[in-house]
Amino acid sequence: MKTAIYPGSFDPITLGHLNVIKRAASCFDKLIVCVMVNSEKMTTGLFTPDERVELIRRVVTKLPNVEVDQSTLMISEYARQKKACTLIKGLRAVSDYEKELQMALINRKLNPRLDTMFLPSSTKYTYISSSVVKEMAYYGADLSDFVPREIIGDVNEKMKSGRKL
């Protein structure tokens, strides 16, 4: 069985993430979407890791070969434990590629059986990021073109409850 892992912070999951999930799921027997702790974003999260897992599960419920998990391990070790052969990385811009290529080489050094598959973003999602979604939600913008409809209410409610006016 070929297993791939799509790691990320997913805070929150966007339509761009979902597009990558669907495309990657069609290439592998099993895809694990794994909420990881991003050391650069530890104090700026909108949702807790447990909340992110729940939101993603709601969004991918109709994709039978997709599992959702979370981990604080290095991704190379997590992949080893899950017997995964491939990491999935979505790319929006050249700047993403430079950073992700470096990480792919490091992960390959740490786990020689682990490849990284880069999926370029679909054109209509290139400009979407979780950071942009949070900024838009802060100002009460319509999120329907940015996040899955199943979680728009959650994002708006979380932003409203955490907003300091």
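Leaving aside neighbours within four places in sequence, V60 is in contact (heavy atoms within 4.5 Å) with L18, I21, V66 and V68. V60 and I21 are among the residues that touch the most other members of the largest nonpolar core. The model is predicted: local features need pLDDT of at least 70, side-chain atom pairs count only at pLDDT 80 or more, and totals for chains, interfaces and linings use all residues. Residues are numbered from 1 along each chain as its sequence is written, and side-chain values use heavy atoms, leaving out hydrogens and water.

**Cores**

- A nonpolar core is a set of buried Ala, Val, Leu, Ile, Met, Phe, Trp, Tyr and Cys residues joined through side-chain atoms within 4.5 Å.
- Buried means under 20% relative accessible area, exposed over 50%, and partly exposed in between (1.4 Å probe, protein chains only).
- The largest core has 37 residues; I21, L31, I56, V60, I88, L143 and V155 touch the most other members.
- Elements giving two or more residues to this core include β1 (3–8), α1 (15–25), β2 (30–36) and α6 (152–162).
- The top contributor is α1, with six residues.
- A second, separate core holds 10 residues, including M36, Y78, A84 and L87.
- In soluble globular proteins, nonpolar side chains tend to be buried together.

**Fold and size**

- The protein has six helices and five strands. These are DSSP runs (helices H or I, at least four residues; strands E, at least two), numbered from the N terminus.
- Their order along the sequence is β-α-β-α-β-α-β-α-β-α-α.
- The radius of gyration is 16 Å, close to the 15 Å that the globule rule gives for 165 residues, so the protein is as compact as a globular protein of that length. The radius is taken over C-alpha atoms; the rule is 2.2 Å times the number of residues to the power 0.38.
- The C-alpha trace spans about 50 × 30 × 30 Å along its principal axes.
- Buried residues make up 45% of the 165 residues.
- Of contacts between residues at least 6 apart in sequence, 76% join residues at least 24 apart.

**Backbone features**

- The loop between β1 and α1 contains F10 and P12.
- The D11 to P12 peptide bond is cis, with omega near 0°.
- F10 is not a glycine, yet its phi is positive, about 50°. F10 is buried, at 2% relative accessible area.
- K83 also has a positive phi, near 55°. K83 lies in the loop between α3 (75–82) and β4 (86–91). K83 is exposed, at 68% relative accessibility.
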